[in-house]
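Have a look at it first, and then we'll walk through a few spots together.

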Amino acid sequence: MDLVTGFWSFKTFAAAVELDLFTLLAGGRTLTVAAAEQELGLPERPADLLLTACASLGLLERAGDGYRNTALAEEFLVRGKPYYFGGQVTYCDRRTYLPWHRIGEALRTDRPLTWDPQTQESMFTTADPQLLATFWEAMYSTSIFTARALGGAVDLAGRRRLLDVGGGSGAYPIELCRQQPGLTATVLDLPHVVEIAAGKIELAGLADRITTRPGDFLADPDLPGGHDTVLFSMILHDWDAPTNQALLAKAYAALPAGGLVIISELLLDADRTGPAPAALMGMNMLVETVGGRNYSDAEYAAWLTGAGFGEVRTVRFDAPGANGAVLGIKPAG
């Protein structure tokens with residue numbers, strides 16, 4: 001029954017984010033059903049049902065005759081907070097929820113549902129700039145907290161310059177540079193994407209340590225040199241195995257001896273029975289990409305070894321965008 005009704009929870013959650021309920025309750029404010037009628041413009045019955053449902057999901061808690069944010073909602077669902085997660089909720093609600101209704105079609109045809117490869121160059125080609133903006137906010141909100149977890153699990157002390165391949169809006173370099181005062185970084189992505197990253201970097205006050213470089217990491221023959229760390233964060237699940245192997249070969253060529261490669265992903269178990277977040281993300285790659293899927297750390301390890309990397313190992317952590325990272329070192333000589 002939990003599987004059958006899972007969309008009830010999601011759509012309740014998405015509606016509350018759309019109403020900006022949690023921002024309204026920021027700072028410990030309490031909201032009664034009667035006040036919700038006035039401030040959210042909801043009739044009494046829907047207001048009561050929404051507040052009750054959000055409390056049942058652990059997003060609100062009772063406070064006297066009203067409701068207030070839980071610590072979880074206060075941290076991640078108040079607009080303007082550093083780790084605001086509402087962008088991801090909105091993106092999934094507006095972009096992927098309805099296409100997922102046709103998942104059987106994707107299974108039968110092995111074709112994405114959110115865009116048409118025959119008429120569009122990529123999943124990012126869309127006439128709706130607002131939807132694209134929502135996508136990048138979603139990626140940022142997922143990545144910024146995941147980067148914090150990655151930085152706590154992977155020792156970057158002594159690393160001086162990081163290349164974030166397909167770095168999107170720059171969340172990983174921003175968070176990792178906050179954690180490591182000696183680290184500088186470059187965001188490599190398409191020209192229109194690095195413009196977004198530059199804005200985020202400027203807002204973070206890190207323009208003196210993080211630069212952007214426009215490019216196409218798939219089409220360009222080489223990755224930029226001059227870095228001792230190459231990061232693939234939530235990138236390799238977008239592509240098929242040969243494409244990923246080619247990217248790791250480019251990383252090997254671009255790194256000096258002793259250079260570090262990091263693959264941060266939702267990793268499948270080697271026996272391909274889970275965990276559910278990684279397996280279901282793989283299903284979402286069926287909905288959103290041409291050849292993407294989630295891989296196990298064993299598969300990544302084999303590709304890294306095949307590219308020439310040594311000291312390959314996996315570190316585990318818990319975050320919305322990844323459950324671990326696979327690391328490799330370019331050997332001397």
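Is the crossing of helix 11 and helix 13 left-handed or right-handed? It is right-handed; a crossing gets that name if the near helix is turned clockwise from the far one by less than a right angle, and left-handed if anticlockwise.

Before going on, a word on the ground rules. This is a predicted model, where local features need pLDDT of at least 70 and side-chain atom pairs count only at pLDDT 80 or more, while totals for chains, interfaces and linings use all residues. Residues are numbered from 1 along each chain as its sequence is written, and side-chain values use heavy atoms, with hydrogens and water left out. Helices (H or I, at least four residues) and strands (E, at least two) are DSSP runs, numbered from the N terminus.

**The helix pair**

Helix 11 covers residues 241-254 and helix 13 covers residues 297-307; they pack at an angle of about 45°, with their axes 9 Å apart. Because of that angle, helix 11 is oblique to helix 13 (under 35 degrees would be roughly parallel, over 145 roughly antiparallel, 65 to 115 roughly perpendicular, and the rest is oblique). Axes here are lines fitted to C-alpha atoms, for helices over the stretch in contact, and angles run from 0 to 180 degrees between N-to-C directions. Helix 11 brings A241, N244, Q245, L248, A249 and Y252 to the contact, and helix 13 brings W303, L304 and A307; contact means heavy atoms within 4.5 Å.

**Cysteines**

How many disulfides does the structure hold? The count is 0, with a disulfide taken as a pair of cysteine sulfur atoms within 2.5 Å. For C92, the closest cysteine sulfur is in C54, 17 Å away, so that is too far for a bond.

**Buried or out in the open**

Here are some residues by relative accessible area, where buried means under 20%, exposed over 50%, and partly exposed in between (1.4 Å probe, protein chains only).

| Residue | Relative accessible area | Class |
|---|---|---|
| C92 | 25% | partly exposed |
| C177 | 0% | buried |
| L156 | 4% | buried |
| D110 | 54% | exposed |
| E311 | 66% | exposed |

L156 sits in the loop between helix 8 (129-153) and strand 3 (161-165). Leaving out residues up to four places away in sequence, L156 touches L176, Q180, L183, L260 and I262.

D110, with phi near 55°, is in the loop between helix 7 (103-109) and helix 8. E311, with phi near 50°, belongs to strand 8 (residues 310-316). Finally, G274 and P275 are joined by a cis peptide bond, with omega about -5°.
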